[in-house]
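Here is a short briefing on one protein chain. Have the sequence and the 3D view ready as you read.

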Amino acid sequence: MVSGCLHRCRALWSLALICLLALLAAGPVAFAADAAPDLGPTMRFGIVRSNAPGCEPICPEWISAEGSIEAGTPALFKRMLKTLGGRKLPVVVDSPGGNVEAALTLGRLIRKNKLDIAIGKTVFSSCQPGAKGCQDRDARYFGDVIDYGAMCNSACPLMFAGGIRRVAGEWAYLGVHQITTTYIRTKLQYRTTYRIVGGKKKILNTKIVSRKNAGSYKTYEMSKSVEKKLAAYLNQMGIEQGMLETMKGTPASEIHQIALDDMLAMKLVTSTDAVGLLTAASLCEPGRLATNCREMPGDKPDGLTATAAKPAPPAIEPEPARHDEERRDEDMRFVVVRGTNPLCNPDCPEWISAEGAITPQTPQKLRQLLATLGKRQLPVVVSSRGGDLFSALAAGRLIHERKLDVAVGRTDFVGCDPGAWNCLAKEGAYAGLSIDAGVECDSACALMLAGGIKRLVGPQARLSLYLMGQKQMVKAYLDEMAIAPALFAAIERRSVERRLEPGMMLKVGLTTSLQSVDALTGATICEAVPRPENCRIRPSANAEADAPAKL
């Protein structure tokens, strides 16, 4: 609409207001199953230093990346990388997914900086990223890593694909599904300035003067343009296109967990080791330091200061070992114990003492101890009030995988308790005696016991169980351990914890014998034929002096 006119003028300036409706496909592309997916907290990054005992002053460090991937996540990651000054630390990721474009950018940043990546959870010792009132020290935190319960779902595998080494252990979860694309309709009002030259309009500029939301819609099928983009990215990262086909073939409302063998075939992972492959304290042993090892003389996290540096206490008798209420309320601790009954010397049985509450750290602690034993198979003597269901199932599977026997019992340590700062193991084992009188194995502990090859609950021990949720998961686990369905049916009828009758446990196969813990750890078992695998002859004190001289 022309606002005015001058006759016979060469050029006429005027303003016009033109209203347009535009449909913009500018919404974020995300993996989602509904209109407002709740993916939890936004991804946070932190530089973490291992708090493994004895690793100071040279300990491994890594980048913790936990939370949902959002549009601003790559910028946060870039900012954190700048603080490293070129150091190459592995990334330990735990994420439900999120924004696809951001995940692709993160993957490219990881590949550009030549970083390794593993699926895992960081268990912080005190401060953690984002915690209120928690200030990190020199941009570092302290903690440990576990892979049980860690996930990398939806968009996260695209980030994961950027790693040089890509590590996923048997307890980690990697899942994919179809992309959900959200298209947002926006009503735009423009102001266009033009001039008329020779009787024709010539547009000078166009400016948006208002925006209004006109609704949105979603599609649950991958467009050709998105498919082409993802295919090019995966090819660039050296990943087989089978991953893309799996994504396309899984509805957006579901998650397809990719098996480890399939991940290897797709070249999505380079190793099926646990996350400790990139973060274990053993990486920093003298003579073969990994690139993520760092020396920090005199440095320890708050609450973890080495007590060995304290003045020695007066020479008094060690405190008596802690049992029952105090020990069982703490996180489960695993230590190797050697029987001290004089009847067995020098050929005495050894076992793994497992006492305390079952927590998410329990499977990793057990795995670490088993790694120190090599191929040795020691029975597990367990005493616990229970705890985390998922962790109990993981620990039970570890025990089953290593073909270990389990008995309900506790260890009375002789001389000192392993928790004391001045209590040291001798030749890899603490001194102790096993007992089962009044010992409990409750709730999740019973599921951990179910993983044993031999499963012993003596007449003086107590084992109780009730259904703690996750019915199908527990049922599948018991079936996997060859325990009769009658046990599941019995506990399904109970709403409260109840002691299991010895005859019933034996009948359904939860226990293999009503023998006490002594059947695995007693002083005289090493005289049996064949000799049990957990017996070990320890050289006498003067054996070295009596040995022939070495040339």
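Predicted model: local features only at pLDDT ≥ 70, side-chain atom pairs only at ≥ 80, totals over all residues.

Residues are numbered from 1 along each chain as its sequence is written, and side-chain values use heavy atoms, with hydrogens and water left out.

**The whole chain**

- The chain holds 16 helices and 27 strands. Both are DSSP runs numbered from the N terminus: helices are H or I with at least four residues, strands are E with at least two.
- Of the 551 residues, 46% are buried. Buried means under 20% relative accessible area, exposed over 50%, and partly exposed in between (1.4 Å probe, protein chains only).
- Take the contacts between residues at least 6 apart in sequence: 77% of them join residues at least 24 apart. Contact means heavy atoms within 4.5 Å.

**Helices α9 and α10**

- Two packed helices are described by the angle between their axes and the distance between the axes.
- Helix α9 spans residues 362-373, and helix α10 spans residues 389-401. They pack at an angle of about 20 degrees, with their axes 8 Å apart. Axes are lines fitted to C-alpha atoms, for helices over the stretch in contact, and angles run from 0 to 180 degrees between N-to-C directions.
- That angle makes α9 roughly parallel to α10. Angles under 35 degrees count as roughly parallel, over 145 as roughly antiparallel, 65 to 115 as roughly perpendicular, and the rest as oblique.
- P363, L366 and R367 in α9 meet S391, A394, A395, L398 and I399 in α10.
- The residues of this contact are six nonpolar, one polar and one charged. Ala, Val, Leu, Ile, Met, Phe, Trp, Tyr, Cys and Pro count as nonpolar, Asp, Glu, Lys and Arg as charged, and the others, Gly among them, as polar.

**Helices α10 and α12**

- Helix α12 covers residues 471-480. The axes of α10 and α12 come within 12 Å and cross at roughly 15 degrees.
- α10 and α12 are therefore roughly parallel to each other.
- In α10, L389, F390, A392, L393, G396 and R397 meet M473, V474, Y477 and E480 in α12.
- This contact has seven nonpolar, one polar and two charged residues.

**Arginine R410**

- R410 sits in strand β21, residues 410-413.
- R410 counts as buried because its relative accessibility is 14%.
- The R410 side chain makes a polar contact with the D412 side chain, at 3.1 Å. A polar contact is a pair of N or O atoms within 3.5 Å; within protein, one must be able to donate a hydrogen and the other to accept it, and residues adjacent in sequence count only if both atoms are side-chain atoms.
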